[in-house]
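Work through the exercises below with the sequence and the model open. Try each task before reading its solution.

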Amino acid sequence: MSLIPSPLAAALAGTGLACFAIGATRRPDPGLKLTGLAALAFALAPVPAHADQFIEAADNATIDCDLARGELTRIALIDDGFANVSKIANGFPYNDFQVTHEPVRGDIYISVPPQFAAARVSFFATSKAGYVYKFACRLGGEEATQLFITNPALAKAAATEWETETGPEDAAIRLIEAMASDAVLPGFTARAELSAPRRTGGIEVQLVAEYQGDELTGQRFLVRNLGQESLALGSEREGPAGTLAFAYGRDALAPGEATSAFLVFAKGGLD
């Protein structure tokens with residue numbers, strides 16, 4: 001894999017910076033504003049109590065959720081499982097909620113009888129990974145529901161493990177290979193990250209995707225040759241300052257053609 005020539009390296013560095021600044025620098029668009037307000041109104045619309053719930057929570061967090069009354073509520077920890085649940089018994093089994101632990105997947109099922117007097121229930125739970133959560137839940141509809149909980153710390157640990165399987169340089173190359181094949185990496189956040197195309201001479205560069213791990217960040221670019229002559233991408237081996245690894249799909253790019261370029265750098269960004 002060859003590194004990018006100097007003019008393209010400058011264009012890539014500019015594109016990456018523009019990606020983070022574009023939302024703050026472009027002029028407000030009334031159409032976009034209306035779209036945003038419509039999306040906000042949709043997000044704030046009442047959600048049926050029986051709808052599946054997705055919550056992100058850290059260690060020692062309080063989880064505000066809805067439980068079904070007179071039906072089961074399944075609570076699942078993504079990439080983890082429940083090890084223990086602690087609750088106070090009120091002394092009246094017919095007027096108390098029950099917790100059942102499913103040992104295969106590590107989920108728990110909450111059963112609240114219809115005659116349960118209180119409007120909320122609360123309990124503590126410890127996960128197999130050692131995280132503690134406080135649940136403070138409202139009692140909602142009478143239809144079975146599910147609650148899925150993710151903890152960012154679990155993804156961070158998975159990304160760290162993947163990155164440290166090899167040395168930093170090899171990890172950067174592995175990240176490039178993963179981006180080139182659209183692979184799903186453990187613990188990494190992958191998202192489309194379209195920036196405005198930037199042009200340097202006859203080269204146009206556009207950021208199209210970004211992978212974020214624990215210590216490594218990878219970016220995928222679309223490179224177009226808008227000039228009248230072929231572009232020798234492999235003629236130089238200079239990437240933007242702070243680059244750990246860089247590669248592109250072709251060593252040469254004819255006029256009008258495009259290819260992908262891949263950039264990997266450490267947390268904190270390029271120099």
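This is a predicted model: local features need pLDDT of at least 70, side-chain atom pairs count only at pLDDT 80 or more; totals for chains, interfaces and linings use all residues.

## Exercise 1: the chain as a whole

Task: How many helices and strands does the chain have, and what percentage of its residues count as buried?

Solution. 
- Step 1. The chain has 4 helices and 17 strands.
- Step 2. Of its 271 residues, 37% count as buried.
- Step 3. Among contacts with a separation of 6 or more, 64% are between residues 24 or more positions apart.
- Step 4. The accessible surface of the chain is about 14800 Å², and carbon and sulfur atoms hold 56% of that.

## Exercise 2: the disulfide

Task: Which residues does the disulfide join, and is the link right-handed or left-handed?

Solution. 
- Step 1. Searching the whole structure gives 1 disulfide.
- Step 2. The disulfide joins C65 and C137, with an S to S distance of 2.1 Å.
- Step 3. The angle about the S-S bond is 50°, and the link of C65 and C137 is right-handed.
- Step 4. Because C65 is in strand 2 and C137 in strand 8, the pair ties together parts 72 residues apart in sequence.
- Step 5. Buried means under 20% relative accessible area. C65 has 1% relative accessibility, so C65 counts as buried. C137 has 0%, so C137 counts as buried as well.

## Exercise 3: aromatic pairs

A pair of aromatic rings is described by the distance of the centres and the angle of the planes.

Task: The ring planes of F54 and F148 are at 20°. Is the pair stacked or edge-to-face?

Solution. 
- Step 1. The structure holds 7 aromatic pairs.
- Step 2. The ring centres of F54 and F148 are 5.2 Å apart. Planes under 30 degrees apart count as stacked, so with planes at 20° this pair is stacked.
- Step 3. F54 is in strand 1 (residues 53-56) and F148 in strand 9, so the pair links distant parts of the chain, 94 residues apart.
- Step 4. F54 has a relative accessible area of 66% and is exposed, whereas F148, at 15% relative accessibility, counts as buried.

Task: Where in the chain do F82 and F135 lie, and are they buried or exposed?

Solution. 
- Step 1. F82 and F135 form a tilted pair, 6.2 Å centre to centre with 45° between the planes.
- Step 2. F82 lies in strand 4 (residues 82-86) and F135 in strand 8, so the pair ties together parts 53 residues apart in sequence.
- Step 3. F82 is buried, with a relative accessible area of 1%, and F135 is buried, with 0%.
- Step 4. F82 and F135 belong to one aromatic cluster with F97, F116 and F123.

Conventions. Residues are numbered from 1 along each chain as its sequence is written. Side-chain values use heavy atoms; hydrogens and water are left out. Helices (H or I, at least four residues) and strands (E, at least two) are DSSP runs, numbered from the N terminus. Buried means under 20% relative accessible area, exposed over 50%, partly exposed in between (1.4 Å probe, protein chains only). Contact means heavy atoms within 4.5 Å. Accessible areas come from the Shrake-Rupley method with a 1.4 Å probe; for residues, only the protein chains shown count as cover. A disulfide is a pair of cysteine sulfur atoms within 2.5 Å. Rings of Phe, Tyr and Trp (its six-membered ring) pair if their centres lie within 6.5 Å; planes under 30 degrees apart count as stacked, over 60 as edge-to-face and the rest as tilted.
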